[in-house]
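Good morning, colleagues. I would ask you to look at the chain on the screen before I describe how it is put together.

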Amino acid sequence: MASLSEEVLLVLKKVRQRKQDGTLYLMAERIAWGPEGKDRFTVSHLYADIRCQKISPDGKSKIQLQLVLHTGESTTFHFSNDGSALKDRDAAKELLQQLLPKFKKKANKELEEKNRMLQEDPVLFQLYKDLVVSQVISADEFWANRLGDTNHADSSLSNNKQEVGISGAFLADIRPQTDGCNGLRYNLTADIIESIFRTYPTVKQKYCENVPHNLTEKEFWTRFFQSHYFHRDRINTGTQDIFSECAKQDDQGLRSMVVQGVKNPLVDLLSLEDKTLDEGYGVCTTFPSTSNSNRTVKESSNSAIIKRFNHHSAMVLAAGSRKGETPADHASEMSSTDGNSKDSDFFQPPVKKVKLQEAIEYEDLQRENRPKTVALNLKKSDRYAHGPVPLQSQQYTTSQDIINSVNYIRHEMVNYKPNLTQVLSNTTASSAIAALSSGGILMQATTQQAINQMVPSEVQGELRHLYVAAGELLRHFWSCFPVNTPFLEEKVMKMKSNLERFQMTKLCPFQEKIQRQYLSTNLTGHLEEMLQTAYSKFHVWQTRRMLRKT
């Protein structure tokens, strides 16, 4: 069942899965289903593994929800509660609509990071093929510790995340489809809904006020599109429409934008107005103002459309810069223009001075005073990873010690009397001859020196890959000790089975291959010794664990 640290967002009972009744749980990171009368989940999917969700049509007898995974598999849930089956299905659907986009972005980002790491590190890519592709361990176990530093760095940079802009034609891109009954069907995604909320904050406010208290989400968006297309070129708005207040607030916001004007002193929008005579020539005749603020809505039906276009463009720009503004920018715009301030060196307003600097200065053309760095090009990354080999401490003798030793040997040689018959016995002499003969115990050093010429290069590469894979598995295995939590107990048992699977699928075939090539050298002895040490440690731990339980 769910662990104690998991947050359960929604619980729905009387949900069938493969004709078996059970309970559906929507948690913070996954959705799970468990049969009635059992304390375990038989179906569990992470939100990051779900590609999309599908629901049954409204007229169908069975009220179902289908989850389609990235692997192509699908899971179908049948809501069988007589009183609230449709309500339960809609609640699960709406919650999944909010959760899936968050984990979808996270999954895409992690997938890009994994591909980048595999492309940049050939050793890691070979390790991935040896362990994951051959099904020795799962992909989650392989990436468990390797993405930890990346996720920590992403969390530290989450505050500096760049916001995605909004397309000016996002509403026009929503193409309705006919439902066959003189009606239109709109397919709204989470990105489109987020764009609507960011562009029209009044619509988001109405959504929070009415959903799900007064209206369902489907009814709310139906009314939104009906109101949007009904009032796009109309003059009067109905009093029963919940979006009538939004239109009035939009008009007020547009008027305030016109009154406030543009903060950039280098831009003069009044220069775009048509003038029959320029200043200083002829007689200046004052024409009626053509601004949208003074023109009444009843004058022309086209004025409403033009006003809507202007307001929509202004809201799209405001949505992009709403989160991008910093307190420093706001303070620079609202700063004082007092002559005593340090920004008024040339008696210019601070805003104008900042805009002038932005117009004439380019960051790409500025010189960088950073020290020059040299790119590190490693031909053999293993040498760089191992580092220099430390020198072993040795005892050095002085010249006087050497002279004393030579004199001592001379003195001993003068008094030396050979007795060759008593030097070695017959058995000792025969064993010494056998050890110094070809293939003897003392002659293996010469064989080890030429082992790189005896073993082919492809076999050496395969042995190197086996060492890297075994080291990765053993690193996970030894990290479980001391085993003091249920999670570590489960992991150490899983890693022991992974080591056995590695020995059967990778190490044993390599040994058979070496034997077929008639190589007398035992190349896998050290690998087997490391595995046996791990097995012995696991056996000792398991024995103590059984004694502790008894």
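Let me begin with a term: a nonpolar core is a set of buried Ala, Val, Leu, Ile, Met, Phe, Trp, Tyr and Cys residues joined through side-chain atoms within 4.5 Å. Buried means under 20% relative accessible area, with a 1.4 Å probe and only protein chains considered; exposed means over 50%, and partly exposed lies in between.

This is a predicted model, in which local features need pLDDT of at least 70 and side-chain atom pairs count only at pLDDT 80 or more, while totals for chains, interfaces and linings use all residues. Residues are numbered from 1 along each chain as its sequence is written, and side-chain values use heavy atoms, without hydrogens and water.

The chain contains 19 helices and nine strands. These are DSSP runs numbered from the N terminus, helices being H or I of at least four residues and strands E of at least two. Of the 550 residues, 26% are buried.

Which residues have the most contacts inside the largest nonpolar core? They are Leu473, Phe477, Val492 and Leu499, in a core of 37 residues. At least two residues of this core come from each of helices H1 (85-120), H2 (122-133), H17 (457-478), H18 (486-516) and H19 (525-549). Contact here means heavy atoms within 4.5 Å. Beyond its neighbours within four places in sequence, Phe477 touches Val492, Met495, Lys496, Leu499, Ala534 and Phe538. A second, separate core has 22 residues, among them Val15, Leu24, Ile50 and Phe79.

I turn now to the sheet. Seven strands form an open sheet in the order S4-S3-S2-S1-S7-S6-S5, with antiparallel pairing; two strands pair if DSSP finds at least two bridges between them. Strands S4 (43-46) and S5 (50-55) are at the edges with a single partner strand each, so one side of each has no neighbour in the sheet. From one strand to the next, the twist averages 25°, with axes taken as lines fitted to C-alpha atoms and angles running from 0 to 180 degrees between N-to-C directions.

Consider strand S2 (residues 21-27), where six of the seven residues are buried. Seven antiparallel bridges pair S2 with strand S1 (residues 8-16), and Lys13 stands opposite Thr23. The hairpin of S1 and S2 has four residues between the strands, and Arg18 in this turn has a positive phi of about 60°. S2 is joined to S3 by five bridges, again antiparallel, and Thr23 has Gly34 as its bridge partner in S3. Two residues lie between S2 and S3 in their hairpin.
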